[in-house]
Amino acid sequence: NSREVRLAMYIMLSLMIGLMYLKMGSTQTQVQDRISILFFLSAFMSFMSIAAIPVFIQERAVFVRERANGLYSVGPYVWANTIVSLPGVFLIALFASFIVYPMVPLNPISGRFGIFLGNLALTLFVAESFIMVISAIVPVYIIGMALGAGAFGLFMLSQGFFVIPDNIPGQFIWAYYLGFHTYNFEIFMGTEFRDLAISCLPDQFCRYADGYAVLKSFNLLDVSLLRDFLVLGG
């Protein structure tokens with residue numbers, strides 16, 4: 001079963017992330033590590049949705065045949081596929097969150113885990129929906145995987161991790177606003193660094209006084225988590 005394989009793949013990846021950053025603190029030197037975790041979760045977890053393209057294209061062949069026979073139309077198929085996909089996507093997000101969040105651990109403030117889980121689940125669903133659209137328009141899965149990888153790569157490059165929004169060239173700024181990675185990353189950053197205490201040892205250069213200083217360095221002080229959730233959900 002392809003969904004069981006994907007779940008196992010996500011669990012293994014989550015364990016690798018948790019073990020790499022196991023029991024990480026929140027000192028000045030570990031701030032970048034925390035940001036890197038959030039980027040990796042934002043970028044690579046959704047990137048793995050590309051693996052579903054061959055399955056979608058196989059299902060497409062069945063849909064085209066049954067639609068030609070008048071058994072069902074596009075609307076019911078899309079809704080049915082969405083409803084069937086939701087539990088699997090949520091289960092992947094649930095396992096990943098329960099593994100990564102306490103192992104690192106990420107921000108322990110009450111309620112932050114729920115936001116983290118909701119953000120990851122919604123992002124995975126958006127990524128899978130995006131891949132489904134690509135699968136509907138390409139003739140073979142190789143082309144679909146190339147298009148999906150190219151689009152995700154551009155969204156990752158423009159999401160505000162490698163280049164802050166104010167410094168993104170004009171010819172790429174559209175990808176910053178269009179890519180769902182942007183809003184997913186903003187939610188992760190806001191959830192993690194708002195009200196996060198960052199320690200500073202006497203012999204350290206104290207670049208960040210607190211989590212808000214980290215958000216300021218990424219131009220994310222005024223980020224609205226509600227707006228970002230609405231954009232992802234839309």
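Trainee: In which helix is Phe 125 found?
Mentor: Phe 125 is found in helix α5; helices are DSSP runs of H or I with at least four residues, numbered from the N terminus. Please note that this is a predicted model, in which local features need pLDDT of at least 70, side-chain atom pairs count only at pLDDT 80 or more, and totals for chains, interfaces and linings use all residues. Residues are numbered from 1 along each chain as its sequence is written, and side-chain values use heavy atoms, with hydrogens and water left out.

Trainee: How exposed is Phe 125?
Mentor: Phe 125 is partly exposed, with a relative accessible area of 22%. Buried means under 20% relative accessible area, exposed over 50%, and partly exposed in between, with a 1.4 Å probe and protein chains only.

Trainee: And what does Phe 125 touch?
Mentor: Not counting residues up to four places away in sequence, Phe 125 touches Thr 82, Leu 86 and Val 89. Contact means heavy atoms within 4.5 Å. Phe 125 and Gly 233 are 108 residues apart along the chain, and their C-alpha atoms are separated by 9.3 Å.

Trainee: New topic: which residues of α6 are buried?
Mentor: Gly 144, Gly 148, Ala 151, Phe 152, Phe 155 and Met 156 are the buried residues of α6. They cover an arc of only 135° around the axis, which puts them on the same side of α6. That arc is the one of the directions from the helix axis to the C-beta atoms.

Trainee: What is on the other side of α6?
Mentor: Ile 142 and Ala 146 are exposed there, on the other side of α6. The buried residues of α6 pack against α2 (31–47), α3 (53–68), α5 (112–137), α7 (173–178) and α8 (180–193).

Trainee: How far does α6 reach?
Mentor: Helix α6 covers residues 141–157 and has 17 residues, reaching 24 Å from its first C-alpha to its last, close to the 24 Å expected at 1.5 Å a residue. The expected span is 1.5 Å times one less than the number of residues in the helix.

Trainee: Which residues of α1 are buried?
Mentor: In α1, the buried residues are Arg 6, Leu 7, Tyr 10, Leu 13, Ser 14, Ile 17 and Gly 18. Seen down the axis of α1, they fall within an arc of 135°, so they line one face of the helix. An α-helix has 3.6 residues a turn, so residues three or four places apart point the same way. The face of α1 turned away from the buried side carries exposed residues, among them Glu 4, Val 5 and Met 12.

Trainee: What do the buried residues of α1 pack against?
Mentor: They pack against α2, α4 and α5. Take Ser 14, which lies in helix α1: Ser 14 is buried, with a relative accessible area of 0%. Not counting residues up to four places away in sequence, Ser 14 touches Met 45, Ala 96, Ile 99 and Val 100.

Trainee: How many residues are in the largest nonpolar core?
Mentor: The largest nonpolar core has 61 residues, and those with the most contacts inside it are Ile 35, Met 45, Met 189 and Phe 193. Helix α5 gives the most to this core, with 10 residues. A nonpolar core is a set of buried Ala, Val, Leu, Ile, Met, Phe, Trp, Tyr and Cys residues joined through side-chain atoms within 4.5 Å.

Trainee: What is the volume of the largest pocket?
Mentor: The volume of the largest pocket is about 310 Å³. On a 1 Å grid over the protein atoms alone, a pocket is an open set of points with protein on both sides within 12 Å along at least five of seven lines, while a cavity is a set of points where a 1.4 Å probe fits but cannot get out; lining residues have an atom within 4 Å of a point. Grid points are joined across faces, edges and corners, and a volume is the space filled by probe spheres set on the points.

Trainee: Which residues are closest to the centre of that pocket?
Mentor: Of the 15 residues that line the largest pocket, Val 126, Phe 180, Val 231, Leu 232 and Gly 234 are the closest to its centre. The largest share of the lining, four residues, comes from α5.

Trainee: Which residues line the largest cavity?
Mentor: The largest cavity is lined by Gln 159, Gly 160, Pro 165, Tyr 176, Phe 185, Glu 186, Phe 218 and Leu 220. About 30 Å³ of space lies in this cavity. Tyr 176 is found in helix α7 and is buried, with a relative accessible area of 10%.

Notes:
Helices (H or I, at least four residues) and strands (E, at least two) are DSSP runs, numbered from the N terminus.
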